[in-house]
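Hi,

Here is the structure I promised to pass on. Have a look at it first, then read my notes below.

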Amino acid sequence: MFVSPRYGTGALADLLPSVLGVLGVAGESDRIGLDLGEVRRVAVLLVDGMGSELVAARRDLAPLLADRPDRSLTAGFPSTTVASLASLGTGLPSGEHGLVGYLLSVPGHDRLMNPLKWGLMGQGPKVDLLRELIPEQFQPARTVFERAAADGVVVTQVAPTYQAGSGLTRAALRGGDFRPTFSSGDLVDGVLTALSTADRTLVYAYHGDLDMTGHVRGPQSESWALELHQIDLTIRLIAERLPAGSALIVTADHGMVQVADPVDFDTTAVLQTGVRTLGGEPRARHVYTEPGAADEVAATWRETLSPDFTVLTRAEVTAAGWFGPNVREGVAPRIGDVVVVSDTDRAVIRSGAEPMQSNLLGHHGSLTPAEMLVPLYTFAAAGN
């Protein structure tokens, strides 16, 4: 069963525009009914990889979260970090912000682009994509943070050092000050300090350890559950110390599935016919085909991978609205000629070209509930 992104009414892209509505930013409205009361300071903590179904399965190790009302947003498509963070930061579906997956085809290059690293993958000449594909032009829409700052809101991003000035940050999370974090405790202090800097503030914080644990150890592992317990404590430390007139929102960018019995593109010759290069990620593949070969490739992949995968052409997936109601001019070529998503716990790996990723246990990107549903928890300061 697939979950359709609830663009405009309950998707991750709607969260920060709704926060801006709560903060009284001109032209913004609370699309999702946050019901935070009279607050002028809001912190949004995004926990990478914390899917709603995964949390529900280990409520015993997340007592604070277990006591909160069950409410979920949907990720957009694909349910992966780069697309979700860009949707969070711009308030737009991926078809409009253009960061449509983990590995993308970009004009002028045979090698695929990784937007998380803002670099080209594979062997070849070193290319400075920050100069060639300028992030502010690659994603030109004003971010939510720029819109907030223009209205007088003091904006702070609290995140790991590597995200400061990165291509993805410049493209989709630009606007406001950046405070680097070095540990969970430092993140707590960073959020609370930033909330107290002004009368009207917006803080965005990022926590990535749960996602890494899920990828390497698997989202069904005890390691994952214990890391969730640590995050529950981190959230409690913030929630119990919120300054007056403030609120904390906790959400995620996607969930995760523990993959079994993957299909290896690099050793399956029938899948390679007519394919120029394979992008995306194991559970949401962008298949870039040779000119004129898209329909034939789609038919071959359907026949080979049925019934565990859904295979659509670019035209079909665009018409289905997976990337949002609109696909911005210039974004369509970044989408695969054929898009392939997993209906089950399987995935399409590349043991030769992507050995590290192929050995991971946890993956995401598709439209299953385990990947698409992300929690929405709210906490208000005492006395609000």
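Asp261 has 53% relative accessibility, so it counts as exposed (exposed means over 50% relative accessible area, buried under 20%, partly exposed in between, with a 1.4 Å probe and protein chains only). Asp261 sits in the loop between β9 (257-258) and β10 (263-264). Its phi is positive, about 50°, although Asp261 is not a glycine.

Before you go on, note that this is a predicted model: local features need pLDDT of at least 70, side-chain atom pairs count only at pLDDT 80 or more, and totals for chains, interfaces and linings use all residues. Residues are numbered from 1 along each chain as its sequence is written, and side-chain values use heavy atoms, with hydrogens and water left out. Helices (H or I, at least four residues) and strands (E, at least two) are DSSP runs, numbered from the N terminus.

Most residues other than glycine have a negative phi, and most peptide bonds are trans. Asp35 is another non-glycine with a positive phi, about 55°. Asp35 lies in the loop between α1 and β1. At 71% relative accessibility, Asp35 is exposed.

Now the cis bonds. One runs from Phe77 to Pro78, with omega near -5°. Pro78 is in the loop between β2 and α4. Another joins Ser306 and Pro307, with omega about 5°. Pro307 is in the loop between α14 and β13.

**Helix α1**

Is α1 (residues 15-22) buried or exposed? Six of its eight residues are buried, so α1 is largely enclosed by the rest of the structure. The buried ones are Leu15, Leu16, Pro17, Ser18, Val19 and Leu20. Their cover includes β1 (41-47), α4 (81-90) and β7 (201-207). Just after α1, Gly24 takes a positive phi of about 80°.

**Helix pairs**

Two packed helices are described by the angle between their axes and the distance between the axes. Axes are lines fitted to C-alpha atoms, for helices over the stretch in contact, and angles run from 0 to 180 degrees between N-to-C directions.

Take α10 (residues 184-195) and α12 (residues 222-239). Their axes come within 10 Å and cross at roughly 25°. The two are therefore roughly parallel (angles under 35 degrees; over 145 is roughly antiparallel, 65 to 115 roughly perpendicular and the rest oblique). The contact (heavy atoms within 4.5 Å) uses Ser184, Leu187, Val188, Val191 and Leu192 of α10, and Thr234, Leu237 and Ile238 of α12.

Next, α11 (residues 209-217) and α12. Their axes come within 9 Å and cross at roughly 175°. That makes α11 roughly antiparallel to α12. Among the contact residues are Asp209 and Arg217 of α11, and Trp224 and Glu227 of α12.

**The open sheet**

Four strands form an open sheet, in the order β11-β12-β14-β13, with antiparallel pairing (strands pair if DSSP finds at least two bridges between them). Its edge strands are β11 (275-278) and β13, and each pairs on one side only. Neighbouring strands are turned by 25° against each other on average, direction ignored. Helix α14 (residues 294-305) packs on the sheet, touching β11, β12 (284-289), β13 and β14.

β13 (residues 309-313) and β14 (residues 338-342) pair over five bridges. Thr310 stands opposite Val341. Thr313 stands opposite Val338. How many of the five residues of β13 are buried? Four are, and β13 is mostly covered.

Best wishes
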